[in-house]
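Open the model in your viewer and keep the selection panel at hand. The stops below can be taken in order.

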Amino acid sequence: MLKVEHIGIAVKDLTQANDLFAKLFGKPHYKVEEVVSEGVNTSFFQVGETKIELLEATQSESAIAKFIEKRGEGIHHIAYEVADIVAEMARLKSEGFTILNETPKRGADNKLVCFLHPKSTQGVLVELCQEIRD
Ligand code: ZN
């Protein structure tokens, strides 16, 4: 893994959270993106080398809605950048981690992503991401 690419934070109200995090960081978010397949609205802040991704559910069935229902707002996942997501998924699988999607899927911010089950990673949802270069 190359670096922590971003940290995902589940929020109830993206507009309110954007204001709050803009005050915290002293600068506004640089992007808002809806990921329809995941039922989320996201926004991104650049903080040095790392990004903060805020996630708001757009439907009650989305994983973010369920997460907030169960655990409240807060840190939802840590995303690590990898050079070759397919190779890294195979490596982690052989190490015994539980991969939540068998093939990489398209996530926000022009990335191929996959998630590891938090039960296999000490309770922290792990995202692997690889930039799509086209
Ligand atoms: Zn993410």
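Start with H6, which is buried, with a relative accessible area of 4%. Keep in mind throughout that this is a predicted model.

Next, select the zinc ion. Which residues coordinate the zinc ion? They are H6 and H77, each through NE2, and E53 and E127, each through OE, at 2.1 to 2.2 Å. Along the sequence, these donor residues follow the spacing H-x46-E-x23-H-x49-E. H6 sits in strand 1 (residues 3-11) and E127 in strand 8 (residues 125-131), so this pair ties together parts that are 121 residues apart in sequence.

Stay on the zinc ion and look at the angles. The 4 donor atoms subtend angles of 82 to 171°, which makes the arrangement irregular. For reference, the ideal angle for four tetrahedral donors is 109.5 degrees.

Now select E127. Is E127 buried or exposed? With a relative accessibility of 5%, E127 counts as buried.

The next stop is the largest pocket, with a volume of about 750 Å³. It is lined by 31 residues, and A63, I64, H76, F115 and L125 are the closest to its centre. Colour the lining by type: 15 residues are nonpolar, 8 polar and 8 charged.

Finally, select helix 2 (63-71), which is among the elements that supply at least two residues of this lining. Helix 2 gives the largest share of the lining, 6 residues. Strand 3 (40-47), strand 4 (50-57), strand 5 (74-81), strand 6 (105-107), strand 7 (111-116) and strand 8 also supply at least two residues each.

Conventions. Residues are numbered from 1 along each chain as its sequence is written. This is a predicted model: local features need pLDDT of at least 70, side-chain atom pairs count only at pLDDT 80 or more; totals for chains, interfaces and linings use all residues. Side-chain values use heavy atoms; hydrogens and water are left out. Donors are N, O and S atoms within 2.8 Å of the metal (3.2 Å for Na, K and Ca); water is not among the atoms, so sites may look incomplete. Four donors count as tetrahedral if all angles lie between 85 and 135 degrees; four count as square planar and six as octahedral if opposite donors are over 155 degrees apart and all others between 65 and 115; anything else is irregular. Helices (H or I, at least four residues) and strands (E, at least two) are DSSP runs, numbered from the N terminus. Buried means under 20% relative accessible area, exposed over 50%, partly exposed in between (1.4 Å probe, protein chains only). On a 1 Å grid over the protein atoms alone, a cavity is a set of points where a 1.4 Å probe fits but cannot get out, and a pocket is an open set with protein on both sides within 12 Å along at least five of seven lines; lining residues have an atom within 4 Å of a point. Grid points are joined across faces, edges and corners, and a volume is the space filled by probe spheres set on the points. Ala, Val, Leu, Ile, Met, Phe, Trp, Tyr, Cys and Pro count as nonpolar, Asp, Glu, Lys and Arg as charged, and the others, Gly among them, as polar.
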